[in-house]
Amino acid sequence: MAYNYLITSDDFLAAMDKIDEIKKALDPSYEEITYDLEEDSIYSLIDEFTTISLFDNPKFIIIKNSYKLLNMKPDNLKDLFKAMNNLESQNVLIMLFLENFDIKSDIFEQLKRYSTKIDVRIKNISKEDYVLEYLKKENYSIDKEALDLLIAYVDSLFSLKIAMDELICYKMNEKTINLKDIKQMINSPLDDNIYSIVDAVINKDKKRSFECLKDLKLHSVKSSYILSLLINKFQEMYNVSLLLKSNTSQNDIASIFNVKPGRAYYMIKAAKSSSINQIKKNLELLNKLDLDIKMGKIEENLGLELYLLN
């Protein structure tokens, strides 16, 4: 019968790695075909799935944007379900779900009935091992500090792979990646720009505060969103400060906040940079500003600039 897999994931590259793993376990004669339901019709897919290959090879069909299936009329999917349940077929069908979708959908339940469901979550994948294995294949090495910072800077395997490819080209002669390389080559995430503003506020460095604000505005980040992130970061610092008072370890903090140890290191560093009273004071000012903006008492851009001047 046809071999059907329903793969749900929060990371495209992680999902594609799982698909490669499935394909490698099969006979190499399988013909790989990809359909994208954002562009291709369901009828073309069904026709592909039910038609014998020109060379009589079994097919390995990957469906991207499979969430589109959930919006179709059941009558339009009858032939698909029939093909998925064909006991004589050797074809493999991979349905990839990456978008937000209705997991309680009747169609999703029916697709599951004819498939093996595999859930791939990036939090269950060791980015450290991924980096080390990827670089080892290219005969590169990376320092522990550089590895921690690289992991802290990226939030997906796709962006991690791009970053590593850039570093590999940059260090082609030396083949050793260090902390300086990461800082020079890899753009810090939005999170780090917010930490920079927080650090500038704590150190009463108004010039640096406005430079960071200008940089964020150049990336089209709205003042309301920056305010929300500032509140989030000061709240995070406050929570980490309380945990540090209780002698909570870096690894435990990483576990509590569901982050990698490398990110936990910078969270702890930020919390230690200020007293808990100063953190509380900034939280109170920011929460008051947020309320005043929502009540129409002050315009958001002006309010944020006045806060930075405080």
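The legends below describe an overall view and close-up views of a predicted model.

Residues are numbered from 1 along each chain as its sequence is written. In this predicted model, local features need pLDDT of at least 70 and side-chain atom pairs count only at pLDDT 80 or more, while totals for chains, interfaces and linings use all residues; side-chain values use heavy atoms, with hydrogens and water left out.

**View 1. Overall fold of the protein chain.** The protein chain holds 15 helices and seven strands (DSSP runs numbered from the N terminus: helices are H or I of at least four residues, strands are E of at least two). Its radius of gyration, taken over C-alpha atoms, is 25 Å, well over the 19 Å from the globule rule for 310 residues, so the chain is more spread out than a compact globule. The globule rule is 2.2 Å times the number of residues to the power 0.38. The C-alpha trace spans about 70 × 55 × 40 Å along its principal axes. Of the 310 residues, 43% are buried (under 20% relative accessible area; exposed is over 50%, partly exposed in between; 1.4 Å probe, protein chains only).

**View 2. Helix H1 and its cover.** Helix H1 covers residues 12–24. Its 13 residues should span 18 Å at 1.5 Å a residue, and its end C-alpha atoms are 18 Å apart, which agrees; the expected span is 1.5 Å times one less than the number of residues. Leu13, Ala14, Ala15, Met16, Ile19 and Ile22 are the buried residues of H1. Their cover includes strands E1 (3–9), E3 (59–64), E4 (92–97) and E5 (116–120), together with helices H5 (127–137) and H7 (157–170). An α-helix has 3.6 residues a turn, so residues three or four places apart point the same way.

**View 3. Ser241 in helix H11.** Ser241 is found in H11, residues 223–245. Ser241 is buried, with a relative accessible area of 9%. Apart from neighbours within four places in sequence, Ser241 is in contact with Ala271, Ile276 and Ile279 (contact means heavy atoms within 4.5 Å).

**View 4. Lys175 in a loop.** Lys175 is found in the loop between H7 and strand E7 (176–177). Lys175 is not a glycine, yet has a positive phi of about 60 degrees. Lys175 is partly exposed, with a relative accessible area of 33%.

**View 5. Asn247 in a loop.** Asn247 lies in the loop between H11 and helix H12 (250–256). Phi of Asn247, a residue other than glycine, is positive and near 60 degrees. Asn247 is exposed, its relative accessible area being 70%.
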